[in-house]
Amino acid sequence: MEDFNSETDSDYTSYWRDWFISSRGNEYFCEIDEDYLTDRFNLTGLNTEVAYYQYALDLVTDVFDLDADDDLREQIEKSARHLYGLVHARYIVTTRGLAKMVDKLKRGDFGKCPRVMCEGHPLLPMGQHDTPSMSTVRLYCARCEDIYHPKSSRHASIDGAYFGTSFHSMLFQVYPALMPEKSIRRYEPRVFGFKVHASAALARWQDQYREDMKTSLRDVGVEVKYIEDESEDDLEDDDEPLSDAREEKVIGDAASARMDLGN
Amino acid sequence: MSSSEGAPESWISSFCSLMGHEFFAEVSEDFIEDDFNLTGLQSQVPMYKEALEMILDVEPEEDDEEEEEEEEDEDDDEIIGDDKPPGYRRAGERRHARVASDLSVIESSAELLYGLIHQRYITSRPGIQQMLEKYEMQHFGVCPRVYCNGCRVLPVGRSDTPGQETVKLFCPSCQDLYTPPNSRFHSVDGAFFGTTFGCLFFMTFPDLDIGSRMDNSLSALSPTRSSSLTSSSINNQVSPDVPPPNQPVEINGMRTVNFSPGLGPGRIYESRIYGFRVSERSRSGPRMKWLRMKPIDIRELDEMSRYEALHGEGDDDGDTEMGSGNGTAAQNAAIARRKKATMRRRRYNPDQMSINGAEAG
């Protein structure tokens with residue numbers, strides 16, 4: 001995979017794409033290869049989607065030489081950004097594109113999960129729709145498997161279709177090692193130190209749901225592991241410190257891993 | 001010094017208008033002046049008396065420029081009555097020294113003290129009312145989770161002891177905790193809001209509409225939401241199954257409509273590749289659905305009546321006494337829940353039962 005790490009892999013300097021990638025608010029995008037952009041097969045169907053398609057493509061590939069007034073130029077510029085986004089959604093599910101996005105993920109370019117229990121797990125950009133102008137970009141956390149709004153308003157206007165619905169799942173299919181360990185820790189609302197009944201009852205129900213899922217998956221031969229399970233296995237040898245350690249853990253992080261016990 | 005002279009603003013309102021202090025309510029002076037509300041804080045805050053004076057903008061005594069060489073302990077400042085003139089002079093000297101070096105110490109003490117008073121104040125009747133106004137004006141922001149649809153959040157702490165964790169945001173829609181998006185809140189102590197406030201707030205105002213914005217934005221997202229099951233299966237999202245009729249108005253002391261409206265089927269994200277769901281059997285398949293799950297029939301959460309339905313009314317003597325009977329009742333309930341699950345699970349966690357006993361007893 002090291003071969004794909006370089007940001008530009010052609011001698012040709014791409015002014016427009018360089019500018020686009022480095023401009024503020026476009027931090028989520030990676031640079032699309034020249035080769036990929038010039039292969040017409042990869043652009044199938046986009047000519048109906050993008051206005052001034054040919055001019056926009058010329059602009060993205062830096063061969064644009066049209067004397068146009070400012071109005072038209074602005075239109076073409078807008079189309080070029082749209083085109084780039086749509087090609088981007090296709091590009092990032094290819095091997096090269098995935099490798100570039102993994103680099104960006106490791107650099108934390110997409111931000112961290114806002115959920116406290118995820119402890120700042122790096123996020124991935126995604127869209128809820130593959131058709132443009134349906135919804136803006138969302139961020140997926142692989143640890144809690146939920147999606148969040150970007151915290152910065154400059155990212156809030158990016159079209160979700162520029163990343164697509166499949167990208168993040170594809171990434172974990174190709175790089176299963178990047179899949180984080182899941183945790184069963186949760187926030188436990190308390191009032192004056194006492195658990196709140198409604199929340200605790202829901203938590204117990206959810207824990208039951210999780211156990212049922214584990215059981216049914218075990219029946220078909222799939223072992224589901226959470227971080228907490230492994231730490232329990234390590235401690236299984238002796239009884240006395242075991243219960244102490246658990247008691248501490250429950251009090252310590254105020255997020256009981258054992259709420260299905262009905263206490 | 002600027003707190004009393006020059007600026008007409010009180011210390012409290014200038015503190016609350018500082019950058020990053022937008023979450024704080026202005027504690028009323030009546031609340032601070034009531035000694036009962038300050039019980040125990042003296043031992044937690046260094047230079048307590050000076051800090052309290054600073055918060056209340058009280059000048060202890062008149063400034064006296066006369067130099068005194070007597071070195072006195074803090075406790076001696078309490079002396080009143082018989083040796084008043086030295087007391088005056090000592091106070092003057094103290095203020096003089098404060099300008100030089102102690103001011104920053106007292107300032108930080110005052111902030112700590114104010115935070116701890118604030119933690120108590122916002123659980124009081126006037127305080128929680130003040131926070132309600134701030135909440136309704138969306139001063140604390142909204143939940144970043146997509147399926148919470150911009151539900152307003154509340155600042156809470158994960159600890160009541162200062163200096164442990166910074167302030168977090170509690171979302172009533174998904175009952176989860178989030179880090180404030182703006183980094184200027186990453187230095188605000190969570191203990192200044194406390195662990196109790198978040199839930200107590202929503203218990204105090206049970207009719208507060210949590211999911212109000214949800215419906216209009218969600219219907220825009222999935223127009224076939226209200227349609228029948230057959231047509232919604234084509235939909236991108238899993239349509240929420242229609243809950244059975246006669247849902248209770250309240251469940252476990254909460255309004256059913258306000259009980260975590262951001263959770264449950266239809267509000268859980270499902271990974272898809274080219275439109276196909278990622279299977280649970282896949283190595284990278286979904287594992288965290290439980291976290292955002294909620295029963296379609298909310299009555300499933302009424303554990304008491306479910307237990308009674310399972311066992312009949314005959315043997316539920318556990319709730320008559322609180323002491324030893326409580327432990328067995330809890331154990332019985334745990335066993336009853338366990339009966340539903342397969343025996344296999346117990347084999348995988350062979351220590352489950354012993355822990356159960358240890359925790360209940």
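1. In this predicted model, helix 3 of chain B, residues 48-55, is mostly covered, with seven of its eight residues buried. The buried residues of helix 3 of chain B are B:Y48, B:E50, B:A51, B:L52, B:E53, B:M54 and B:I55. Just after helix 3 of chain B, B:D57 has a positive phi of about 55°.

2. Strand 2 of chain B, residues 168-171, is covered on both faces. B:K168 and B:F170 are buried on one side, and B:L169 and B:C171 are buried on the other. In a regular strand, side chains alternate between the two faces of the sheet.

3. Strand 2 of chain B pairs with strand 1 of chain B, residues 154-156, in the antiparallel sense over three bridges. Within that pairing, B:L154 has B:F170 as its bridge partner.

4. Strand 2 of chain B also pairs with strand 3 of chain B, residues 176-178, in the antiparallel sense over three bridges. Here B:C171 stands opposite B:D176. The hairpin of strands 2 and 3 of chain B has four residues between the strands, and B:Q175 takes a positive phi near 50° in this hairpin.

5. In chain A, the axes of helix 1 (residues 15-22) and helix 5 (residues 70-91) come within 12 Å and cross at roughly 75°. Helix 1 of chain A is therefore roughly perpendicular to helix 5 of chain A. A:W16, A:R17, A:W19, A:F20 and A:I21 of helix 1 meet A:E77, A:A80, A:R81 and A:Y84 of helix 5. By class, this contact has six nonpolar, three charged and no polar residues.

6. Chain A is divided into domain 1 (16-178) and domain 2 (187-222). The centres of these two domains of chain A, taken over C-alpha atoms, are separated by 37 Å.

Technical notes. Residues are numbered from 1 along each chain as its sequence is written. Chains are lettered from A and ligands numbered from 1 in the order in which they are written. This is a predicted model: local features need pLDDT of at least 70, side-chain atom pairs count only at pLDDT 80 or more; totals for chains, interfaces and linings use all residues. Side-chain values use heavy atoms; hydrogens and water are left out. Axes are lines fitted to C-alpha atoms, for helices over the stretch in contact, and angles run from 0 to 180 degrees between N-to-C directions. Helices (H or I, at least four residues) and strands (E, at least two) are DSSP runs, numbered from the N terminus. Angles under 35 degrees count as roughly parallel, over 145 as roughly antiparallel, 65 to 115 as roughly perpendicular and the rest as oblique. Contact means heavy atoms within 4.5 Å. Ala, Val, Leu, Ile, Met, Phe, Trp, Tyr, Cys and Pro count as nonpolar, Asp, Glu, Lys and Arg as charged, and the others, Gly among them, as polar. Buried means under 20% relative accessible area, exposed over 50%, partly exposed in between (1.4 Å probe, protein chains only). Domain bounds come from an automatic or database domain assignment. Two strands pair if DSSP finds at least two bridges between them.
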